[in-house]
Amino acid sequence: MRLLKTDTIDLLPQHERQPHKYAILSHTWGKDEVIFEDLVNGNPESKPAYDKVKFACRRAAADDYSCIWIDNCCIDKSSSAELSEAINSMYVWYQQADICYAYLADVDASTDTDIQSAEFRNRLARSKWFKRGWTLQELLAPGEMIFFAKDWTVIGKKLDLRGVLSSITGIDEDTLEDPQKLHFASIAKRMSWAADRETTRPEDLAYCLMGIFSVNMPMLYGEGGVKAYLRLQEEIMKQSDDQSLFAWTLNGAPDSNKHGLLADSPSAFRNSRKIMPYEDYEPRRPFQMTNRGLSIELPLSRLNDDTWVAALDCPVPPTYPDSSFLAVYLQKLSVDSDQYARTRIGRLTQVSELGAMQTIYVRQVLHNPVDDQRPFPRHIFQLRNTPSPEEYRIVDLILSPDEKLKTAPPRLTTSRISTQQKLLLSPSTFSIARGAHQLTVALILEHVPDGEQLVVMLGSSIDFRVGYDAAALSDLSIDPRKLFKSFYSYFQARDPDSCGDIELQNHGVRVKMDSVISGANKYYMVDVEVVAKVKKPGLLDMLVDSMLDEEVAGGQVKRAKRSIWGKISTRTRRL
């Protein structure tokens, strides 16, 4: 630690013994600050900011301090080792200072300095000093602190101003009164104090918080603000099991966004000031970052197929009722995996009953499975939803001869396929053939009211994407001896995301697909929708009606319809 002599404004030689008591300056940097090199080269007076250093030394000398520490003067920033040591030690240096002078260069005290004046309070709150990241620890650490306006007029002592300072910063008055109470504040609350603060370098928004959480870590300028802040949280986890670290929100984020349990910035804790942990509600298992994600044991309750609610060991503010727990939403990244991601990050939820405790891994760095274009050994169609069998009955599944001999891929439990579709009581999964423009399966559907049949085909397009096609069987020329080959000759894959409905003469067909990763397999969950169109009576309809009159008497209405439509379809194919 280098010190500045208050009488000569020179650096105290390192071989001289440092005094037990020293003053320290808290300020915001402006243009042309006096830096370490200026003092070494002997020309600090040439800098416009020299007056700030001079008046700080003069005030310290008047208060009987022989030395003062000023960050811009007393750190040799050309030495990365010295800079890292200073940043890691700065909180302690402010804490051990006998007195701290907070210089607010943008607060004009020439008119009204009455702290009871609303106008002056507003001017004080607008000071840049309350917006900078580094000044947060400089406010919290010192026991004795005096605030000065830009002409070095005394505004007041921290103890006397604690009510005003609390309203400006959100920091509790008792913490401002006694710095030793800092560590009784939850992690979420301490993060909230930094939510609206800024630093010139993005990494410093994490580095300036190290002392507030009693952690140390190396400075890696260039790593970016997000990585620096993640490293800070990982260091905090090594010292604390306070789960309010995970109680943050990202306002305006879509529900579909996925994230890790750790935030990207203190701004995510803007609304977390009142969150606190239970005082050992139950013994907590350690949590830590691993190469599979954040390993943590949490009580999970299932919300739907792939979304869960994980309770945190924190009561629900602001009333903190007994047996209430804040909770976050989690989504499984893979159906048969123990890896999750946080979702619905724009809000927290709450539970009153805890689910079963499970050890899970929450990924911090994520790939969206739906958009994931990484190669997978196996791609699989799985029928998830089909039309009601009362309207459209699946009468046949046409597979390639080779696929018929193979065991069907395992079915994911998320499928909601109707068990009334008798043909699909066996696994409704089909391996997608490798290569471009390949047909995987043809589903033959029968419209129950009139017996008309149509086909929905699933496969791959010429650009190796999954797709589908549909047609009325009456419009196709199918060789019964070569069913799969016949359907393959008609198959033209359409993109399910862009093609919309396929409009047949009497039916509208739409297929929706979304992907799910399960182990090394990529599943495409298929929803088949078919809607019958209202037919206008035509010549064939009148023929049907006349023929029906004859068969109704025998009580064979349904059989008659199927028989007639079968004849009509046959005639149509011959035309």
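## A tour of the open sheet and some loop residues

Start by selecting the open sheet: 4 strands in the order β16-β18-β19-β20, with antiparallel pairing. Strands pair here if DSSP finds at least two bridges between them. At the edges lie β16 (392-399) and β20 (466-472), each of which pairs on one side only. From one strand to the next, the twist averages 20 degrees.

This is a predicted model, in which local features need pLDDT of at least 70 and side-chain atom pairs count only at pLDDT 80 or more, while totals for chains, interfaces and linings use all residues. Residues are numbered from 1 along each chain as its sequence is written, and side-chain values use heavy atoms, with hydrogens and water left out. Strands (E, at least two residues) and helices (H or I, at least four) are DSSP runs, numbered from the N terminus.

Stay with the sheet and select β16 and β18 (residues 439-447). They pair in the antiparallel sense over 7 bridges. Within this pair, pick Ile394: opposite it stands Leu445 in β18.

Helix α13 lies across β16, β18, β19 (453-460) and β20, and runs at about 95 degrees to β18. Axes are lines fitted to C-alpha atoms, for helices over the stretch in contact, and angles run from 0 to 180 degrees between N-to-C directions.

Now go to Thr343, in strand β12 (residues 339-343). Is Thr343 buried or exposed? It is buried, with a relative accessible area of 4%; buried means under 20%, exposed over 50% and partly exposed in between, using a 1.4 Å probe and protein chains only. Leaving aside neighbours within four places in sequence, Thr343 is in contact with Asp255, Ser256, Asn257, Tyr329, Leu330 and Gln331. Contact means heavy atoms within 4.5 Å.

The remaining stops concern backbone geometry. Most residues other than glycine have a negative phi, and most peptide bonds are trans.

- Select Pro317 and Pro318. The peptide bond from Pro317 to Pro318 is cis, with omega near 5 degrees. Pro318 sits in the loop between β10 (307-311) and β11 (325-332).
- Select Ser323, which is also found in the loop between β10 and β11. Its phi is positive, near 55 degrees, in a residue other than glycine. Ser323 counts as partly exposed because its relative accessibility is 35%.
- Select Trp152, in the loop between β5 (145-148) and β6 (154-157). Trp152 is not a glycine, yet has a positive phi of about 65 degrees. With a relative accessibility of 14%, Trp152 counts as buried.
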